[in-house]
Structure formats: C-alpha cells, structure tokens
Amino acid sequence: MGFVTKTFQACRWRPRGLIGVANIQNNPATAIHLQLKTLLRRVQDLAGFIVKSVRLTDDAKGKPRIEAVLAADPRFKRRCSCCGEPGRVHDHMKERQWHFVPLWGIPVILRYTPCRVICPTGGATVEAMPWSRGKSPYAVAYMLFLARWARRLSWKETASVFQTSWEAVRRSVEWVVEWGLENRVLTGVTALGIDELHWGRGKKSENFVTLIYQIDAGVRRLLWIGHKRKEATLKEGFAFLENQCDGFLAGLRVICSDMWKPYLKVIAKKAGWALNVLDPFHIAKHLNLAVDTVRRGEQSRLRDKQAKAKVKGARFLLLKRGTRVRGKARAKLKAVLGSLGATSRAWELKESFRKFWQYRSPTWAAAYLQAWTTRALRSRLEPMRKVAKMLRSHEDLLLNYFRAKREYNSGVVEGLNNKARVELARSFGHRSFNILKLVLYHTLGSLPEPPSTHKFC
Ligand SMILES: [Zn+2]
C-alpha cells in the first residue's frame, strides 16, 4: 500500500477516477482506461445517481483510501425511502459516508449528501439510496460481502482480514439474517426436529437453547432458536412459526424430539396430529450417559495403580459405536471391558439396543424393547435401570419411529446438532444469546439473501 502512494507521489500524478489498464494487445496507442466510476456502477446499483468523482486520498492516519463522491442525477426525481414513491425535495441533510467493499486492500468510501423528500403519504423522509439501509454506515454490498465471509471465517477473523471492526461484521450479519428471516418461505414444512443444545457451563435452565429444525428430505435448515428449554420456550417457537406462516402447525406430519418432558407436552398439545418420534440419536445420548456414569463409579473405586493405568482413556472408546472401534483401539477396549465388570455389562446393554432400531414391524420392535428393558432392569446397574424405565414409559413414542420410518431420515437431527455444536465452539466467547442466535441462523438457517447486482465472494 505504501508502494502505491509512493509511486503516485513520484510521478506527481493524482488519479481522478482513473486507473490505467493496458488493453490486451498492450499497445499504448490503443490503451483503454478503465474508470473506477464504470467499475463502481457495474457492481453497485446507482440508478438515479451519478458518480461525480473518484479520488485516492489519505485518511487521518496517512493510509490510502478511495473516495467516491456521489450526486443526485438531476434527470430523475428523488424517491422516498419508506414507500419508494417519487416526492418533492424538502431539505438537504449533512453529508454521509458509507464503507464499500475494499479494492485491492484499499478501503473504499462512498460520500453523498442525502436530502429529505415529501412522502406522498405525509411527512418528510430520507430519500431512497440503493446502496444504503437505514442509518448503517456500511453500504449494502459491503454488508453482504462481510456476512458471506462471516460464514466461512469467525467474525473476529473476518474483521481482521478486511481491516474492519467486529461490530461492522455483527451489524452486517444481523442485517442479512433479519432480511432472510423476513423473506424466507415456510410453506410445505412437514417434518420437524426439536433439539436442545448445551450452552455455557452447568445444568441450569439458562444454559440450554432450544432449536427447531426442518428435517424434510432435501430441505434441512434451522427454523427457530430460543433461550432455555422450558414448555414456554417451545410454545414461543411454535407461535413464532405459526405467525410467520399460517397453517404451519397444521401441515406437520412428523416431529422428532428427545424424551424431554416439556417438549413432549407441548408437541402433544400444539401439534397432536403429527407423529412424535423419539430419535435414535437422542436415545443413544441417554444410553451413553448411563454407560459413562457406571464407568465413572467403577473407575473411582479402583485402588490398584496398575489397574488404573489399564483403564485410562477408556471413556471415548466406550461411547463410540462398538463396530467402529478397530485395530489397536479394539484391543484396548477389550482390556478395559475385561477389567471393569459393571461397565462391561452396561456397555453390552448399550450396544445391544442398536438392534431395536433395525426392526421393520412395530410389533417385533415392541417385543424386543420388552426383552431388553427386562434385562436392563435386572442388571443391578442403577443408571441403566433408569434408562430402561424411561424407555418403557415412552414405549408408544418409541414405536412411532417404525410408523414414521418412511417419512424421515433419522440421521438428520444428529447431523444438524453436530453442525450447531461446531458453530457454537467457533463462536465461543460470545456470551450473549443474541449473538449465538445470529451465528446459528446465519450458518444453519439456509436463509435467502438480499438481492445484489454483483457477487463479490
Ligand atoms: Zn414514503
């Protein structure tokens, strides 16, 4: 950047909206000059405005920046920003500046003095400027640009790569998400997944968020996020979606959820016609938790140093699906199971429950469930007995899985949950729920984007 300024100073030539670009033949006689004005008009809709000048200047810190001064095109009437109708000019305001997409690492600033027009519906309002939204000091194209990058990088990285502030990235994402939520289409949603995500530390209600996904074949996206995991939370989510799309709840056929009581209650009450399916992914989570509780209890009772060393690092192996533990890990798992009796029995129960999901007929699945829970209840392993009791009391919902089998894919909720957790980890440090909400909507919501004349990235 220093190089650019220096060269300009050396030849004492200050560009006025011109950047010299040799043509393909590289013949100085026929060299064309690409004007920055042309480039700007190409990437930004400026209908009704003219680019008066484009200059390379220095900012307060002596760093170069490109300034484009815009003016109203006298051939056109000014339009009102709220209704888009042409109106008479009321008065002029102070000059404003907008940050635009940087060019070759040089910040670009748009300058314009807006006026207020008399809106046909009454009152003086700011004129419509296609590059501007509300009071934001960032041009629309720039906000879209930052928001797109914020999906690939963390917000902090985006800000640092494009030499802007974290706040600029936040505002950009916020605008894009708000636009997307207002303009998305919610018709035709038949399958929902309801999931909770642990956020922060501890098991308090504040440390969970409730997520509602659409899990229809071909359309998998996050529809709603709410703080906590209470009955009121889910009710609020349903009300929000119903409000955005009339008949949303009536169109549902399958709702896939966890055994969490507040959720089940609200689903039965607000969308009782949909099959409430308990997802294998959620059941596996409960089983894994039970195995882990047994293991921790047993491991803490070990006194012998050698035995302790033998079972070190067993946790991950035990939680993994048995058939996916191979090679050296398999030998280690065998050793662990050999030395921890109770854990081994719990692990074996967990693994054998997989068979349940493979049945086709609800009747046979029910018979298997009966046999499995009987075995678990006699196992003298308290955590496993707890799971067995829970499964028995939810037998009907569990069997819905076989009734709804053709209508949804059980891996979907797990996949979305994993993605959400990755985003959560990436945005770690943002304690505010509003930021988390923006991050998740932005990355998992498959939201439509505001239209743009040019795709910058
Ligand atoms: Zn108006």
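**Reading a Predicted Chain: Exposure, Contacts, Backbone and Charge**

Tutor: Let us begin with Glu348, which is located in helix α12 (residues 341-352). Helices (DSSP runs of H or I, at least four residues) and strands (E, at least two) are numbered from the N terminus. The model is predicted: local features need pLDDT of at least 70 and side-chain atom pairs count only at pLDDT 80 or more, whereas totals for chains, interfaces and linings use all residues. Residues are numbered from 1 along each chain as its sequence is written, and side-chain values use heavy atoms, with hydrogens and water left out.

Student: Which residues does Arg42 touch, neighbours up to four places away in sequence not being counted?

Tutor: Contact means heavy atoms within 4.5 Å. By that criterion Arg42 touches Thr453 and His454. Arg42 itself belongs to helix α2 (residues 36-43), and it counts as exposed because its relative accessibility is 66%. Arg42 and Thr453 are 411 residues apart along the chain, yet their C-alpha atoms are separated by 7.7 Å.

Student: Where is Leu153 found, and with which residues is it in contact, leaving aside neighbours within four places in sequence?

Tutor: Leu153 is in the loop between α3 and α4 (155-161). Its contacts are Thr158, Val161 and Arg426.

Student: What are the place and the contacts of Asp292?

Tutor: Asp292 sits in helix α8 (residues 280-300) and touches Arg315 and Leu319, with residues up to four places away in sequence not counted. Asp292 is classed as buried because its relative accessibility is 7%.

Student: Let us turn to the backbone. What is the phi of Arg380?

Tutor: Most residues other than glycine have a negative phi. Arg380 has a positive phi, near 60°, and is not a glycine. This residue is in the loop between α14 (362-377) and α15 (382-393), and it is exposed because its relative accessibility is 70%. Ser446 also has a positive phi, of about 45°, although it is not a glycine; Ser446 is found in the segment after α18 (433-444).

Student: How many salt bridges does a search of the whole structure find?

Tutor: A salt bridge is a side-chain nitrogen of Lys or Arg within 4 Å of a carboxyl oxygen of Asp or Glu. The search finds 20. One example joins the side chains of Asp73 and Arg75, with an N to O distance of 2.8 Å. Asp73 counts as buried because its relative accessibility is 5%, while Arg75, at 68%, is exposed.

Student: What N to O distance is found between Glu127 and Arg78, and which parts does the pair tie together?

Tutor: Their side chains meet in a salt bridge at 2.9 Å, N to O. Glu127 lies in the loop between β9 (124-126) and α3 (140-152) and Arg78 in the loop between β4 (64-72) and β5 (89-92), so the pair ties together parts that are 49 residues apart in sequence. Glu127 is buried at 1% relative accessibility, and Arg78 is buried at 7%.

Student: Which residues are linked in a network of salt bridges?

Tutor: The network links Arg55, Arg65, Glu67, Glu95 and Arg111. Within it, Arg111 forms a salt bridge with Glu95, the closest N and O atoms being 3.2 Å apart. Arg111 lies in strand β7 (residues 106-112) and Glu95 in the loop between β5 and β6 (96-103), so this pair ties together parts that are 16 residues apart in sequence. Glu95 is partly exposed, with a relative accessible area of 37%.

Student: Which residues gather in a patch of positive charge on the surface?

Tutor: Patches are made of residues with over 30% relative accessible area and no salt bridge, like charges being joined within 9 Å and nonpolar side chains (Val, Leu, Ile, Met, Phe, Trp, Tyr) within 5 Å. Lys and Arg count as positive. Here the patch comprises Lys320, Arg321, Arg324 and Arg326. Arg324 lies in the loop between α10 (314-319) and α11 (328-339).

Technical notes:
Accessible areas come from the Shrake-Rupley method with a 1.4 Å probe; for residues, only the protein chains shown count as cover. The place of a charge is taken as NZ of Lys, CZ of Arg, CG of Asp or CD of Glu. Buried means under 20% relative accessible area, exposed over 50%, partly exposed in between (1.4 Å probe, protein chains only).
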